Every structure is written in C-alpha cells, then in structure tokens.
Amino acid sequence: MIDTYSVLLTNLVKEFDLTVGFASTDFESIRLTVEDVSRPGIQLAGYFDHFDPMRLQVLGNVEMSYLSRLSDQARASVLDRLFSYKFPALLITRNIPPMPELLEMAKKHNITLLRSPDPTSTLVSAIITYLKAELAPRVVRHGVLMEVYGEGMLLIGESGIGKSEAAVELLKRGHRLIADDAVEIKKISGNSLIGTAPELVRDYVELRGIGIVNVAKLFGMGAVKIENSIDLVVNIVPWNTHQVYDRLGLEDQYTEILGVKIPMNTIPITPGRNLAIILEVAAMNNRQRKFGYNPAQEFTEQINRHFEENMGNMV
C-alpha cells in the first residue's frame, strides 16, 4: 500500500532555521503536500493563470525589488490578490525586511510570513530536495537492508529463512546494517529507491534463540547506517530439488518496487551453505554489471568460440 505524506510547516521552519515574521492562527497545523516551490514573479505583474496555491511561495531580491518600485496602492493591490489564494506560507530570503503592505496582507489573510538570511536559489534548491525526500512515495517491506561493498542489498524471503543471521555474519565481516525486519522504501526519483528503518526499530536485529541485539552498541557506530540506495534484491529460498535454478546467470532477474525495476538474485540455501560469502559475491557481481562487465556473458561467448574453433578443425 502506497501512502500519501505531508510535511508540517513547523518542521520546515526548524530544518532550515527560518525566522517567523508572522504566525497564522493555524501555523502549528499547516502541512506542505507538494514538493515544488514557487517564486511568484509573474503573479506580482498581475498574471495568475495556472497559479498553484498549494506551493510554498518565495520572494527573493528580484521580487522584492520589483515590489519596491510599485506605488503603495499598486503594491497593496497585487499583494492583496496574491495572499487571497491562501497558500501555505510566504518566505522572504536574504533577510530582506518585509514592507508594511506585506505584513498587513499576511495578517489580513492569516498567512504565515517567514524569513531567511540564505540566498534565494540556494535555499529554494535545498527546500525542494528536502520536500522531495519527505513527500516521496513509500512502502514498508519485510526484509533486511544491508550495505555490502557499497551496494544496498535488500534481503527478502519467508520468515525464519535466516535473513537476520546472514546480516549478523555480514556485520562481522565489516559491512553495515540499515534495517532489519521492516524496511521503509522511498521512491526519490524515477529510477531510484532509498531504504531506511522505522525509527522505533532502528539499529536493532532480532536473532531467534538470543533475542534483540543493538547493533550499534555491539559492533560500534560504524556498523550501522541511517539510509542507503537499494541496488540489489536477494530472494533467499529453501533449496528445492525439483526446482531448476539458473546456474550461469544469463537470465537477468528483476523485481519491481514502487514502479522501479531493481536487479534480483534468487539464492537457494541448504544447511551448511555459507550465505554471507555468497551475498558478498552477489554484491560485487552486481557492482561489476553496473560498470558494464557481465561474466556470464563473457563465459558463454568463450565457450561458443571454443566449439566453433573445434568444429572448424574437425572439418
């Protein structure tokens, strides 16, 4: 199930250390629901077609300079119309002091007025990046997310298959844990997924027969990471003698999460098989493939050349 998320305006204020010039009566409950931010320059000139009142509105040096050149009456008129759209808040950058008409219209229409010392372009870019991450579509999947040789590896499989045990073995070998049992996955772009752990269970691993283990305290802070991209999904399954498994790796497997295709390996396990080493090799192999090298394809071409040469000699 994909949920729709929002960001409290108060969280944005805290994140970017913004100054509240005027707080609306609903300031504590205002939520941002779109990741885009607007600089309403053309609206100040009187054109409001396609204006999106759901966005945070930002006035920088250019917009404030334009407003300062208008007559008091014209400035009050255009600001009155702008504020009538009831957008979430107005942010003024570069610590430019708000003119009396701005403060008057903010109070009249009960819209929060914010200020920041930061340059406009820098701040707008940072806010969009922050909102994109916070508002990203997301799902929670059962599994374990590890960083192995820089690759984000999501281990999935039925409960009790040994995902957490494999994670602990990987931790002992110097790799890092992102999430155990519940992995929160965000789609931050058209082809990129980021995984993290719900805050309540972050840094903890459950081992059957032992109980809950705090990885950060047991292995050190270097053994955990807050989030990581998901580069490979490994489906761990019990060995089935009646199942045919791909032994060469010629067939590319993928799984889809939030509409994004992620490479996948299916690894059958039996008692005594060293799963941690197999997972390390899977991570390194996936890394090689991303750089354009496919050992299975190279091996197949080498075999084909060998048979072609031998057939030529036989003729």
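**View 1. Salt bridges across the predicted model.** In this predicted model, the count of salt bridges comes to 15. The close-ups below visit a few of these contacts, along with a pocket.

**View 2. Arg138 and Glu184 meet in a salt bridge.** Their side chains come to 3.9 Å, N to O. Arg138 sits in strand S8 (residues 138–148) and Glu184 in strand S10, so the pair ties together parts that lie 46 residues apart in sequence. Arg138 is buried, at 7% relative accessible area, and Glu184 also counts as buried, at 18%.

**View 3. The second largest pocket.** Here you can find Arg138 and Glu184 again, now as lining residues, with Tyr130, Lys186, Thr196 and Arg202 also among those that line the pocket. The space inside is about 200 Å³. Helix H6 (120–134), strand S10 (176–189) and strand S11 (192–196) each supply at least two lining residues. The lining divides into six charged, five nonpolar and one polar residue.

**View 4. Glu280 forms a salt bridge with Arg173.** The closest N and O atoms are 3.0 Å apart. This pair links distant parts of the chain: Glu280 belongs to helix H9 (residues 275–290), while Arg173 lies in the loop between helix H7 (163–172) and S10, 107 residues apart. Glu280 is buried, at 7% relative accessible area, whereas Arg173 is partly exposed, at 38%.

**View 5. Lys290 and Asp231 in a salt-bridge network.** The side chains of Lys290 and Asp231 meet at 3.7 Å, N to O. Lys290 is in helix H9 and Asp231 in the loop between strands S14 (227–229) and S15 (232–238), 59 residues apart. Lys290 is partly exposed, at 49%, but Asp231 is buried, at 16%. Glu151 and Arg287 join these two residues in the network.

Methods: Residues numbered from 1 in each chain as written. Predicted model: local features only at pLDDT ≥ 70, side-chain atom pairs only at ≥ 80, totals over all residues. Heavy atoms only, no water. 1 Å grid on protein atoms, 1.4 Å probe; cavity = no way out; pocket = protein on both sides within 12 Å on 5 of 7 lines; lining within 4 Å. Points joined across faces, edges and corners; volume = space filled by probe spheres on them. Helix = DSSP H or I, 4+ residues; strand = E, 2+ residues; numbered from the N terminus. Nonpolar A, V, L, I, M, F, W, Y, C, P; charged D, E, K, R; others polar. Salt bridge = Lys/Arg side-chain N within 4 Å of Asp/Glu carboxyl O. Buried < 20%, exposed > 50% of the residue type's maximum accessible area, 1.4 Å probe, protein only.
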